[in-house]
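Hi everyone, thanks for making the time.

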Amino acid sequence: MSQFDHLDLDGHLLQLLLAVMEEGSITRAALRLGVTQSAVSHLLDKLRAITGDPLFVKSGRGIVPTAHAQLLALRARALLDDLRSFSYAAAFEPAKISAQVTIAANDLQRDLLLPSLLRYARAQAPGLSLRVIPSGAPTPELLREEHCQLIITPRPPEGSDILQKRLFEDSYRVFYDASQREPPQSLEDYLASDHVTVLYEPRRRLDIDEVLAERGLVRRFAAQVPGFGGIGPFLRGSRMIATLPSLLRAYMLRGLAVAPVPVPCPAMPMYMVWHLRHHDDPMHRWLRQQLEIVVAPSLAAAAEHMPVPA
């Protein structure tokens, strides 16, 4: 019989279990938690003794969780949520926060909002740190399985346990290299051009690409890249064009020319999305409030760096 019992469990062990599971590596889990690899191995051995399960087994160059570990992870996330709520139940004080928050965002919303959010939030909560992961085309599991606590996306995943709030909306523009070509002068010119776009895995197009395809507008894609950051190198020095959110011209696509899309386009909304279990969590509610506060100045700062559209 094990010499350990449930009283040997604590939040650090639960956090360790989730970190190793999500990273698929003891080394990466140690980097994420800010401890040594040997410390992770030691605590993992302790957790194995408590649960009576190997928890992780080798698979190729990494490790994968056992079926029992996957079940324990679901309970660990719920227990950590309870511990977090318990610690803030009396009186929430941002200055006393010592926590890492994971936000899923693609490169547009990452560059536009998250640096300002971190600066503003840390002015009140110096112990807060931010981990950013790509959201791609986000699924409910990102939140349900606690891969992140918040998603910023134009495409909120659906679910009765998934909540959302609109932050702002942007319009679409045609981006091109003015040293190589003129903007498309007509719909025919637009459709005859070579296009570059973003394709998220697993093969999820941008909303604007789906809208145009539904209207029967067939475009010739010369390149498809996994994020907005990969668009610029294809446009610069070429005659290719891209139909993208206008805010990109303030950061990743600065210096490229922009022009109206020669076909009516819907606006691109942006939402913050979270799981129901975090809705009343004091720290999470405070973080959502901080994000809403920085939206307007972030958009204003971006506007200052934008060239005037053609």
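Let me start with how the spaces were found: on a 1 Å grid over the protein atoms alone, a pocket is an open set of points with protein on both sides within 12 Å along at least five of seven lines, while a cavity is a set of points where a 1.4 Å probe fits but cannot get out. Lining residues are those with an atom within 4 Å of a point. Grid points are joined across faces, edges and corners, and a volume is the space filled by probe spheres set on the points.

Two notes on the source before we go in. This is a predicted model, where local features need pLDDT of at least 70 and side-chain atom pairs count only at pLDDT 80 or more, whereas totals for chains, interfaces and linings use all residues. Residues are numbered from 1 along each chain as its sequence is written, and side-chain values use heavy atoms, with hydrogens and water left out.

So, the largest pocket. Its volume is about 1000 Å³. There are 38 residues in its lining, and Gln-15, Arg-84, Ser-98, Ala-99 and Gln-100 lie nearest the centre. Two or more lining residues come from each of helix H1 (11–23), helix H2 (26–33), helix H3 (37–51), helix H4 (67–88), strand S3 (99–105) and helix H10 (282–304). Those labels are DSSP runs numbered from the N terminus, with helices being H or I of at least four residues and strands E of at least two. By class, the lining of this largest pocket has 18 nonpolar, 11 polar and nine charged residues. Here Ala, Val, Leu, Ile, Met, Phe, Trp, Tyr, Cys and Pro count as nonpolar, Asp, Glu, Lys and Arg as charged, and the others, Gly among them, as polar.

Now, which elements each supply at least two residues of the lining of the second largest pocket? They are H1, H3 and H4, and H4 gives the largest share, four residues. This second largest pocket holds about 170 Å³ of space. Leu-9, Leu-13, Leu-14 and Leu-17 are among the lining residues, as are Arg-75 and Thr-51.

What about enclosed space? Searching the whole structure turns up one cavity of 30 Å³ or more. The largest cavity has about 160 Å³ of space. It is lined by 18 residues, with Pro-154, Tyr-200, Leu-206, Phe-228 and Met-268 closest to its centre. Helix H5 (107–124) and strand S13 (268–275) each provide at least two residues of that lining. The cavity lining divides into 11 nonpolar, four polar and three charged residues.

Let's step back to the whole chain. The secondary structure comes to 10 helices and 13 strands. Along the principal axes, the C-alpha atoms fill a box of roughly 80 × 45 × 35 Å. Of the 310 residues, 46% are buried, where buried means under 20% relative accessible area, exposed over 50%, and partly exposed in between, with a 1.4 Å probe and protein chains only. For contacts, meaning heavy atoms within 4.5 Å, 74% of those between residues at least 6 apart in sequence join residues at least 24 apart.

Most residues other than glycine have a negative phi. Leu-55, in the loop between H3 and strand S1 (56–59), has a positive phi near 70°. Is Leu-55 buried or exposed? Leu-55 is buried, because its relative accessible area is 0%. Glu-146 also has a positive phi, of about 60°, and sits in the loop between helix H6 (141–144) and strand S5 (150–153). Glu-146 has a relative accessible area of 8%, so it counts as buried.

Another loop residue is Ser-238, between helix H9 (232–235) and strand S11 (242–245). Ser-238 is buried at 14% relative accessible area. A polar atom of its side chain lies 2.7 Å from the backbone oxygen of Phe-234. Leaving aside neighbours within four places in sequence, Ser-238 is in contact with Asp-177 and Gln-180.

Gly-216 is in the loop between helix H8 (207–214) and strand S10 (220–225).

That's my tour, and I'm happy to take questions.

Methods: A polar contact is a pair of N or O atoms within 3.5 Å; within protein, one must be able to donate a hydrogen and the other to accept it, and residues adjacent in sequence count only if both atoms are side-chain atoms.
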